[in-house]
Amino acid sequence: MREKKAMTQIDRRTEKLTTALRRAGVRITRQRAALLSVLAEAEDHPEAIELQRRAEAVVPGISLSTVYRTLTELEHQGVILRHQFEGTPARFEHSEARHHDHMIDVETGEVIEFANDRIEALQAEIAEAMGYEIVHHRLELYVRRKRAPGDPD
Ligand SMILES: [Zn+2]
């Protein structure tokens, strides 16, 4: 039952991405359709080259430049987010997830999502005090795991 529900959500995301790409006037080839479903399934902020690898495993024959162009169109349509974290190539995620910020582990490159109501409220308060309202924000924390004394380096 749980699996079935998850499938439906992925299908809905795939459809949203497909519609957006059509709206941009891009023809949906089998290769692009594979890329869209791979994007819809991803929960881990993959890079373009990783998306290409996953799409290739479903339907071979998608070039990296097609992946880049497709991602750019999807970004313009507002259905995916591009993250330019320091020290890594751009990473992508579908934009429907509820608002969250990211921590980037500088040692492993792992991206960890978090959301914090106090931070959200504090940011709004700071902007407000300076006569602004927040339109949009990005918060990135660059982190490494704390080690207890005696842990190996
Ligand atoms: Zn994210």
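**View 1. T70 and the residues it touches.** Welcome to T70, which touches L21, R32 and L35, leaving aside residues up to four places away in sequence; contact here means heavy atoms within 4.5 Å. T70 sits in helix α4, residues 64–76. Helices are DSSP runs of H or I with at least four residues, strands are runs of E with at least two, and both are numbered from the N terminus. Is T70 buried or exposed? With a relative accessibility of 2%, T70 counts as buried. That word means under 20% relative accessible area, while exposed means over 50% and partly exposed lies in between (1.4 Å probe, protein chains only).

A note on reading these views: this is a predicted model, in which local features need pLDDT of at least 70 and side-chain atom pairs count only at pLDDT 80 or more, whereas totals for chains, interfaces and linings use all residues. Residues are numbered from 1 along each chain as its sequence is written, and side-chain values use heavy atoms, with hydrogens and water left out.

View 2. Two salt bridges can be followed here, one between R53 and E50 and one between R54 and E50. A salt bridge is a side-chain nitrogen of Lys or Arg within 4 Å of a carboxyl oxygen of Asp or Glu. For R53 and E50, the closest N and O atoms are 2.7 Å apart; for R54 and E50, the N to O distance is 2.7 Å. How many residues apart are R53 and E50 in helix α3? They are 3 residues apart in this helix (residues 48–58), so about one helical turn separates them. R54 and E50 are 4 residues apart in helix α3, again a separation of about one helical turn. E50 is partly exposed at 21% relative accessibility, and R54 is partly exposed at 22%. Look for D44 as well: D44, E50, R53 and R54 are linked in a network of salt bridges.

**View 3. The pair E75 and R82.** Here E75 forms a salt bridge with R82, and their closest N and O atoms lie 2.7 Å apart. E75 is partly exposed, at 28% relative accessibility, and R82 is partly exposed too, with a relative accessible area of 25%. The structure as a whole holds 6 salt bridges.

View 4. The chain is divided into domain 1 (2–94) and domain 2 (101–143), with bounds from an automatic or database domain assignment. Their C-alpha centres lie 25 Å apart. The contact takes 8 residues from domain 1 and 8 residues from domain 2. About 740 Å² is buried between the two domains, and carbon and sulfur atoms give 52% of that area. Buried area is the accessible area (1.4 Å probe) that two parts lose on being put together, summed over both.
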